[in-house]
Amino acid sequence: MARYVLRRLVQSLFVLAGLTIVVFIVTRQIGDVARLMLPIDATEQQYLQMRAMLGVDDPLIVQFGRYAADLLRGDFGMSLWQSVPAMDLVISRFPATAILAFATLGFSLFVAIPVGILAALRPGSLFDRVATVISIFGLSVPPFWLALMLISVLSLQLGWFRTSGYGGVEFLILPVLAISAQCIGRLVQVVRTSMLDVLTAQYLVTARSKGLFEWTILVGHALRNAMLPILTIVGDEIIGLLNGSVVIEIIFGWPGIGKLTIDAIERRDFAVIQASVIFVAIMVIVVNLLIDLIYAWLDPRIRYS
Amino acid sequence: MSQTDTASVPVDLSALEAEPAPGRRPPGMLALLVADRIALFAALFLVLITLAALSADLMVRWGVLIDPLTQNLLGRNKPPMFASKLGLHLLGTDQLGRDLLARLIFGARISLGVGAVTIVISGLIGVTLGLIAGYRGGRVDDFIMRLVDIQMGFPQMLLALIIIYAAGPSVTNLILVLALTRWMAIARVTRATTLSLRQSLFVEAAQSLGAGHLRIVLLHILPNLSSTLLILVSLEFGRVMLSEAGLSFLGMGIQPPDASWGLMLSQGRSYLGTAWWLVTFPGLAIALTTLATNLLAGWARSVNDPIYRKRLLAARRPR
């Protein structure tokens, strides 16, 4: 087991190394940060001085060598605009992204698991068909459109919520509703299919003939065995939520990593762009590894070697 | 064991065992489509918007559709069914007094076009690499799959944003970035299916008859992948459309005066409180198109399931 985790971590280093190179090269093409930082009437000499000070006049390979050496010491560079270590800035924005992600996931599971189970219990019934069509519609709706429609109706017309902002639960409701439609749509489908697979299994017949309560059978035997495929999709959802809610964060003025990255791109704040992409990639690696470990813990037949 | 397992599935298996009537051809895809009403509606919807998008120029020339670029500053942000000097605006007008329906139809050209071209490119990359990896195996397979794993670990949306910002937002760059970030799923599925097909009897038979590798891959393995790929491609089409809309919404995709549905959404955002139709209709267009492709994917999946297929045809056949 320990060897498996070690091998996975080594493999992850390749991912991070590849990503660092790609992001480094791409961010250098974004634009001339020295030009952007100076007033329009700056002289050519001031411009050259600025470039030398920022270290952007060296060849790309030299710049990358310097950056990689810093990275190995855990130094992700300074934000060019805020004179704060870039990684500190990213980490300070992580709670907002994480709150949004886990509130969405919690709400989606809360809705999708009962609906999926009920649909699987009576396949082909009216409830099943309605649930299927609504879930497919849910995963087809663009989240940012849903966000705008929710703002339009619930905030602007009915005045129930503020249109945007960050703070208490009242700010969380609209973004969570907007993102969870897709999440719920996918989860309902997976819960339904994996429950359907499990419900015809022999051990349920055994459980019934032992005289167990239907509830015990459903939760203790069926749902437990249906958890594995559900877990896979939950992992995918977490990863999607950690790096995919950029547009929602912009619409609701949510101070998460997505908004930070967009702002950094607009200011050519290289260090912050790189730090946030690498940070998200590390999160993705951690979540993937955790899911695999939970897998092995849930199903003793799975042994990694 | 397997006997009792199948017996517990509440499906009539007798239809499966029945020999097809002599001289009767197996049902074509079209017959299967007509038999499933929801899938039929989805397909008709897609055909309809494709035709509308293709004939947009003609419709303007014939005067059926108002020119999408003609501005009318006296008739700005007018609600649906508003009649101006340009004609009747079925879905209202936008912030420059342009006809919303016409802009939606011209927007369909870009939104659908970007989706289609992206899918073709990412499909070609994914299928080629997947076939090579699955058929050759060994080192080549390891290398390609490592590449897939590495790229799967990238935060796609952020990376796409940065690359497009660096390369400059344009239709070509948008398509390239979307295609290069979306080939991995297709490669994975192609490889897995190829791997199992390579072991099958008909491939062995072809090999013993002296068929070359290229012939086996193209004529024996690829056709057997088509149904799996059909499902995947229609699902991917929906995802690509949503990504395009998201990037255009952030200003990193289609640029004005061109119109894509995502861009129209972001332009209408400022008028959310005063002109609801500006945001509602483009979003509805994206949602319905994605819904149609997702429904078709679901249909393609169930048609591949022989039990469902028989049941679908049996229900429609007059007795």
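Mentor: Gladly! Keep in mind that this is a predicted model. Let's start with charged pairs: across the interface of chain A and chain B, the rule finds zero salt bridges.

Trainee: How many residue pairs are in polar contact across the interface?

Mentor: Three residue pairs, with both partners at pLDDT 80 or more.

Trainee: Which helices of chain A supply residues to the side that touches chain B?

Mentor: Look along chain A for α1 (2-28), α6 (126-140), α7 (143-157), α11 (246-251), α12 (257-266) and α13 (270-298); each supplies at least two residues of that side. The most comes from α1(A), with nine residues.

Trainee: And what kinds of residues make up the side of chain A that touches chain B?

Mentor: Sort them by type and you get 29 nonpolar, eleven polar and two charged.

Trainee: How much area do chain A and chain B bury between them?

Mentor: About 3,700 Å², and 80% of that is on carbon and sulfur atoms. In chain A, the residues that lose the most area to chain B are F144(A), W145(A) and L148(A), together 15% of what that side buries.

Trainee: How many residues does the contact take from each chain?

Mentor: Chain A gives 42 residues and chain B gives 39 residues.

Trainee: What does UniProt list for residues 108-297 of chain B?

Mentor: The unreviewed UniProt entry lists "domain: ABC transmembrane type-1" there. In the model, the span 108-297 of chain B is 82% helix and 0% strand, and its end C-alpha atoms lie 21 Å apart.

Terms used:
Residues are numbered from 1 along each chain as its sequence is written. Chains are lettered from A and ligands numbered from 1 in the order in which they are written. This is a predicted model: local features need pLDDT of at least 70, side-chain atom pairs count only at pLDDT 80 or more; totals for chains, interfaces and linings use all residues. Side-chain values use heavy atoms; hydrogens and water are left out. UniProt positions are given in the numbering used here, feature names are shortened, and annotations may be inferred rather than shown by experiment. Helices (H or I, at least four residues) and strands (E, at least two) are DSSP runs, numbered from the N terminus. Contact means heavy atoms within 4.5 Å. Buried area is the accessible area (1.4 Å probe) that two parts lose on being put together, summed over both. A salt bridge is a side-chain nitrogen of Lys or Arg within 4 Å of a carboxyl oxygen of Asp or Glu. A polar contact is a pair of N or O atoms within 3.5 Å; within protein, one must be able to donate a hydrogen and the other to accept it, and residues adjacent in sequence count only if both atoms are side-chain atoms. Ala, Val, Leu, Ile, Met, Phe, Trp, Tyr, Cys and Pro count as nonpolar, Asp, Glu, Lys and Arg as charged, and the others, Gly among them, as polar.
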